[in-house]
Every structure is written in structure tokens, then in C-alpha cells.
There are 2 protein chains.
Amino acid sequence: MKCIVRVEVRLKKGFHDPEGVTALSCLRDLGFKQIVDVKSGKVYYLTIEAQTKEDVLKIAEQACTKLLSNPVKDEYNISIIECTE
Amino acid sequence: MKCIVRVEVRLKKGFHDPEGVTALSCLRDLGFKQIVDVKSGKVYYLTIEAQTKEDVLKIAEQACTKLLSNPVKDEYNISIIECTE
């Protein structure tokens, strides 16, 4: 089967998020006074070919720990979007 | 009310995604032969204070068109994650 998996990588609580801070500052300069916080993160859509959904999730998990996220400062979550046989 | 809104920004189909290409190449070099495609994008969590959910969504939409996305090359979607009164 071939599955599309969404991986979202965000900074753990307590880590400084300069992109979020800058985006918030820009938005408020543009007049968006109702926006009071911005946190930023990355999203990846992986297309994975494997025998089972369990294998797909295991591969996505390994991709996160080995490349897509930094275990010291990032947290991630993985969800299968769609699969075709 | 105060709501947390998730905004996901991705390249429209047909636009070159060098970060996705590089991530795919790295993953395959690491041995992930089952991963056949990677697309990358950005995610933002906006905290917005407004009277109604409709107002929250309108503000998020404006934030996307004015700063967070490039209408020429990006597509985005907006979803409310949680609200408190």
C-alpha cells in the first residue's frame, strides 16, 4: 500500500520561537491587534510504500527521529491522511 | 472569546519545493527506500481574541492573505483548534 502521512514538527514548550515572534510582531504592525500569540512549525507530507499501516507509521516515526525533528527541542505528531492499495 | 487557530501553508501544485526534495534525498540516503515523496510546508498556531468564531476565522483569513502566505505560490487552510470564553 501507498500512504500519505502528515508529520507536524513544533518546538517544545519553553523553546524560543523567533519566527513566531516575528510573525506576531508583523501582524500587529499590520493592525491585527486581536492576534495575541503566534507559534510556528513545520509540516511534511511523506508518501510511504509499505505492507501495512503499522509499517507506514513505524517508518514515519523513524524518519522523525532520524531527520525531520530534533529530539532535544522538537515535538512531532504523525497522522495518516490517505492510503491506496 | 479566545481561540487557537491552526493555519497550514503549502506550495501550490507545480511549484518547486527544494526543502521537500532535499528531505527526500536525505531520507533515502539514510536508507528509507520506502519513502517515495516529501512535500514541505509551514504551520502556524494563532491565538486570536474576537467576539465570534466567524470573526476569528475572518481575522485568520486576513492574516493569511496579508502576511502568512504568498497568494501566487501558496495555498493555505485554516481550522479552529479550541476556543475558551
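B:Glu54 is found in helix α2 of chain B. Helices (H or I, at least four residues) and strands (E, at least two) are DSSP runs, numbered from the N terminus. B:Glu54 is exposed, with a relative accessible area of 58%. B:Glu54 and B:Val36 are 18 residues apart in sequence, yet their C-alpha atoms are 39 Å apart in space.

The model is predicted: local features need pLDDT of at least 70, side-chain atom pairs count only at pLDDT 80 or more, and totals for chains, interfaces and linings use all residues. Residues are numbered from 1 along each chain as its sequence is written, chains are lettered from A and ligands numbered from 1 in the order in which they are written, and side-chain values use heavy atoms, with hydrogens and water left out.

The relation between the two chains was examined next. A rotation of 180° superposes chain A on chain B, with 0.0 Å of shift along the axis and an RMSD of 0.0 Å. The two copies are thus related as by a two-fold rotation axis. Copies are superposed by least squares on the C-alpha atoms of residues with pLDDT of at least 70 in both. The interface fits this picture. Of the interface residues of chain A, 100% are also interface residues in chain B, so the copies meet through the same surface.

Which residue of chain A comes closest to the rotation axis? It is A:Lys42, whose C-alpha lies at 2.3 Å. A:Lys42 is found in strand β2 (residues 35-49) of chain A. At 19% relative accessibility, A:Lys42 counts as buried. Its contacts (heavy atoms within 4.5 Å) reach both chains. Leaving aside neighbours within four places in sequence, A:Lys42 is in contact with A:Val7, A:Glu8 and A:Val9 in chain A. In chain B, A:Lys42 touches B:Glu19, B:Ser40, B:Gly41, B:Lys42 and B:Val43. A:Lys42 and A:Val7 are 35 residues apart in sequence, but 8.2 Å apart in space, C-alpha to C-alpha.

Helices of the two chains also meet. Two packed helices are described by the angle between their axes and the distance between the axes. Axes are lines fitted to C-alpha atoms, for helices over the stretch in contact, and angles run from 0 to 180 degrees between N-to-C directions. Helix α2 (residues 53-68) of chain A and helix α1 (residues 18-29) of chain B have axes that come within 11 Å and cross at roughly 105°. α2(A) and α1(B) are therefore roughly perpendicular to each other. Angles under 35 degrees count as roughly parallel, over 145 as roughly antiparallel, 65 to 115 as roughly perpendicular and the rest as oblique. From α2(A), A:Ala63, A:Leu67 and A:Leu68 meet B:Ala23, B:Cys26 and B:Leu27 in α1(B). By class, this contact has six nonpolar, no polar and no charged residues. Ala, Val, Leu, Ile, Met, Phe, Trp, Tyr, Cys and Pro count as nonpolar, Asp, Glu, Lys and Arg as charged, and the others, Gly among them, as polar.

The axes of helix α1 (residues 18-29) of chain A and helix α2 (residues 53-68) of chain B come within 11 Å and cross at roughly 105°. α1(A) and α2(B) are therefore roughly perpendicular. Here A:Ala23, A:Cys26 and A:Leu27 meet B:Ala63, B:Leu67 and B:Leu68. The contact of α1(A) with α2(B) has six nonpolar, no polar and no charged residues.

A search of the whole structure finds two disulfides over all chains. A disulfide is a pair of cysteine sulfur atoms within 2.5 Å. In chain A, the sulfur atoms of A:Cys3 and A:Cys83 are 2.0 Å apart and form a disulfide. The pair links distant parts of the chain, 80 residues apart: A:Cys3 is in strand β1 (residues 2-11) and A:Cys83 in strand β3 (residues 74-84) of chain A. With 105° about the S-S bond, the link of A:Cys3 and A:Cys83 is right-handed. A:Cys3 is buried at 0% relative accessibility, whereas A:Cys83 is partly exposed at 26%.

In chain B, B:Cys3 and B:Cys83 form a disulfide, with sulfur atoms 2.0 Å apart. The torsion about their S-S bond is about 105°, so the disulfide is right-handed. B:Cys3 is buried, with a relative accessible area of 0%. B:Cys83 counts as partly exposed at 27%.

Conventions: Buried means under 20% relative accessible area, exposed over 50%, partly exposed in between (1.4 Å probe, protein chains only).
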